[in-house]
Structure formats: C-alpha cells, structure tokens
Amino acid sequence: MVTKIHAEINKVYFIEKYTLIHILEGSGNIQVDFKNYHDWNDKAIYLEKGQYIKFLSDDFIVRFIHFPDEIIFKSKDVRILFKHLISLGYINFTECEDCKTFLNTTVFNNDMSQLIDVSTAQWYWQNPFQANKEEYQIIFDVKDVIDQEFSNNINTSALANHLIHSEYTVKHLVKNKLGLSVKNLIQNKKLIESQKDIAFTDKNIQEIAYDQGFKDPAYFNRTFKIKTGQTPKQFRDNFDYKERDLFVQDLINLIQEFHKDQHALSFYADQMNISVKALSKKVKLKMNTSLGQLIRSQLILSAKEMLAQEIAIKNIAHTLGFEETNHFSSFFSHYVGVSPSNYKK
C-alpha cells in the first residue's frame, strides 16, 4: 500500500507496518524515535513497526510505502534495512539507480519484493559499518535478542547464551564495528522504550519503571534524568504529544523567513519574546536539538538549493549573509564535509 501526504508539522506519525519513507519535497529537520536528523536529503528511510517519525517543517511532501509482513520475514537480510543499530537507517537513494527506477516508474502492487531486494543490495554496497555479511548477521542477531529481552535485565553473558556465538565474539564484534558496547545497545533500547511509554501512554511513571525492568522507580527517575536531562514528568510535559502547541511551528517559520539575513540567536529570541537562554532551553526540551543547529540546517539547505541552480558561490555567500566568500566556504565545508565547489560537481 502506498500513501502520499502533505505532512503536518510536529505531528507524530506512528509506523504500524514495515514502511519506506520517501521524502519527495521538504526542508528542515525530521525526528525519528526522539532523535533529530537534518541530513535526510537523497535518502530512502526504512522504519519498522513501533517507530515514529515527525516532520519539523510544514512543507514536506512524503510518500509512505507499506510492506506486507510476508515480504519482511522471508529473509534475515531484510533486518539490515529495518533494525537500526545506532541512529537512522537509510539507503543513499541517489546512488541506487535500480531504487530510483523502481520508485519513479513502477505501478505499486502487492509484490514489493523487488524494491526490498535492490535496497538490500544497496545497503550492503554502502557497508556503513565496514563488516562482511556473516559479521552483520551476528550483529543483527544481537539486536534481535536485545529487542526481545531488554526489559528482563539481560546482560552480555545472558545475551550470548541466546546465540551460538561466544560472549567474547559478540562483545568484540559489536564494539569493533559499531563503536558501542553490548551494554550500550541494551541501555539505548531501554531508554527509547521508556521514552515512548512516557510520551505516548497515560501509564504512571512507577508502572513504566516496573515494565522496563526497574525494581526501584526512584532509581529509574534518576537514570532517566541522567540520560535525557529531564525527569520523566518533565519529558512527558515537554514532548507535548497531545496538545502540539504552536511553539515549534512559529520558530521554524521565523527561521525559514529570516535565516538568510539573521544568524544571531538573540534575533529569534526577540521575535519570540523570550530570552536567549530560555529559548535555547525550550528548543532543546521540545525539539531535542539546539537553536544554532536549526539555523545552520536551514542555511545549509538554502546553500545546497542555490548550488544546484548553478548560482555563483560568491553570490550565495552574499545572499546568505556571509561577509566573505571564504567564511561561507569554511562554514559549508565544516558542516557538509565537502567544499561548495566540490558539492556542485
């Protein structure tokens, strides 16, 4: 099934089927499972059941491509697309000619296996963690066990007992390829599921603590605050799932309108009738990012659009409020990873 929508700003879109998110138009950040991403351009994003996505701008046109379960379970290789190990799972859409051909020309029907196959091949070609296929299967076996057993206070030794591999092999492979320990993966899973329960349910905090395997709710509160900077109650209030106040939309609209001329945080604080410190804190709590990052993301997006239009770099720098061309080039290179001239190529 395929649906195409004009996404509502700051609305939580729950993923109820295994889904490919194909962003056709839009600017600004997206949020998946409480993490914000600004580098989603030219990527196809795969999400599994139980995740959510939010669009932190009001100009996104998005296609949701839903897959039937029988496709998902036919091969273990499919896990590489849907089970995200560290952050956002995606394939580089512009590098996958078969993916572009399929999404641009195919009349969708119930047989979606081809799209899964070409996407899987692209993911392995990208090889984000520099591992071979056998190593990836072990890593995703670990992820499967964590997803099933995280609330049972599973540790590395107990996890290894669920697998045919030794504890040393599991610990060494995960740390070497992902840069995280198995303990980190377990903690990250527990945190995300705790955040979902707090944000999206009416359960009391004590009940959530017990559900997540904590025997002491007070210890759960302390641990949660260390991880997020907020108590569970503050997190629930600030996520604002049901009310969806206009703060996010008002701020995004301001940045989109004035980012080319106004880079200072104080300008946006004045426009919002709030101090810089208070605005920065509210942005962090509401959007899990910084005000500076929001401004930078919009500047980079505008720069990329103008580079694609073959506008001279000197003119782009001037339009975006940089006094010197080399200041703009340094800014762009630092945050994008390539110089403006190389990006144009």
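Q: Why is Asp147 called buried?
A: Buried means under 20% relative accessible area, exposed means over 50%, and partly exposed lies in between (1.4 Å probe, protein chains only). Asp147 has a relative accessible area of 15%, so Asp147 is buried.

Q: What kind of model is this, and how are residues numbered?
A: This is a predicted model: local features need pLDDT of at least 70, side-chain atom pairs count only at pLDDT 80 or more, and totals for chains, interfaces and linings use all residues. Residues are numbered from 1 along each chain as its sequence is written, and side-chain values use heavy atoms, with hydrogens and water left out.

Q: What makes Lys143 and Asp147 a salt bridge?
A: A salt bridge needs a side-chain nitrogen of Lys or Arg within 4 Å of a carboxyl oxygen of Asp or Glu. For Lys143 and Asp147, the N to O distance is 2.7 Å. The pair therefore meets the cut-off. Both residues lie in helix H5, four residues apart, about one turn of the helix.

Q: Is Lys143 in that pair buried or exposed?
A: Lys143 has 12% relative accessibility, so Lys143 counts as buried.

Q: Why is the contact between Lys76 and Asp141 called a salt bridge, and where do the two residues sit?
A: Their side chains meet at 3.7 Å, N to O. That is within the limit, so the name applies. The pair links distant parts of the chain, 65 residues apart. Lys76 is in the loop between H1 and helix H2 (79–82), and Asp141 is in helix H5 (residues 133–149).

Q: Which of these two partners is buried and which is exposed?
A: Lys76 has a relative accessible area of 51%, so Lys76 is exposed. Asp141 has 17%, so Asp141 counts as buried.

Q: What makes Asp237 and Lys233 a salt bridge, and how accessible are they?
A: The closest N and O atoms are 3.0 Å apart, so the pair qualifies. Both residues lie in helix H11 (residues 232–239), four residues apart, about one turn of the helix. Asp237 has a relative accessible area of 46%, so Asp237 is partly exposed. Lys233 has 56%, so Lys233 counts as exposed.

Q: How many salt bridges does the whole structure hold, and which residues do shared partners join?
A: A search of the whole structure finds 17 salt bridges. Bridges that share partners join one network, including Lys76, Asp141, Lys143 and Asp147. Also among its members are Asp33, Glu48 and Arg79.

Q: How do you know that the length of helix H15 agrees with expectation?
A: The expected span is 1.5 Å times one less than the number of residues. For the 18 residues of H15 (residues 291–308), that gives 26 Å. The end C-alpha atoms are 26 Å apart, so the two agree.

Q: Why is H15 called largely enclosed?
A: In H15, 14 of the 18 residues are buried, so the rest of the structure largely encloses this helix. Just after H15, Glu310 takes a positive phi of about 65°.

Q: What makes a nonpolar core, and how many residues has the largest?
A: A nonpolar core is a set of buried Ala, Val, Leu, Ile, Met, Phe, Trp, Tyr and Cys residues joined through side-chain atoms within 4.5 Å. The largest has 43 residues. Those with the most contacts inside it are Tyr46, Phe67, Leu115, Trp123 and Leu159. Its largest share, seven residues, comes from H5. Apart from it lies another core of 31 residues, among them Tyr268 and Met287.

Q: How do you know that strand E6 is covered on both faces?
A: Five of the five residues of E6 (residues 43–47) are buried. Lys43, Ile45 and Leu47 lie on one side, Ala44 and Tyr46 on the other.

Q: Why do E3 and E9 each count as paired with E6?
A: Two strands pair if DSSP finds at least two bridges between them. Strand E3 (residues 18–25) and E6 have three, in the antiparallel sense. E6 and strand E9 (residues 90–92) also have three, again antiparallel. Ile21 stands opposite Ile45 in E6, and Ile45 stands opposite Tyr90 in E9.

Q: Why is Ser57 called buried, and what does Ser57 contact?
A: Ser57 has 0% relative accessibility, so Ser57 counts as buried. Ser57 sits in the loop between strand E7 (52–55) and strand E8 (61–67). Contact means heavy atoms within 4.5 Å. Leaving aside neighbours within four places in sequence, Ser57 is in contact with Ile9, Ser27, Ile252 and Gln256.
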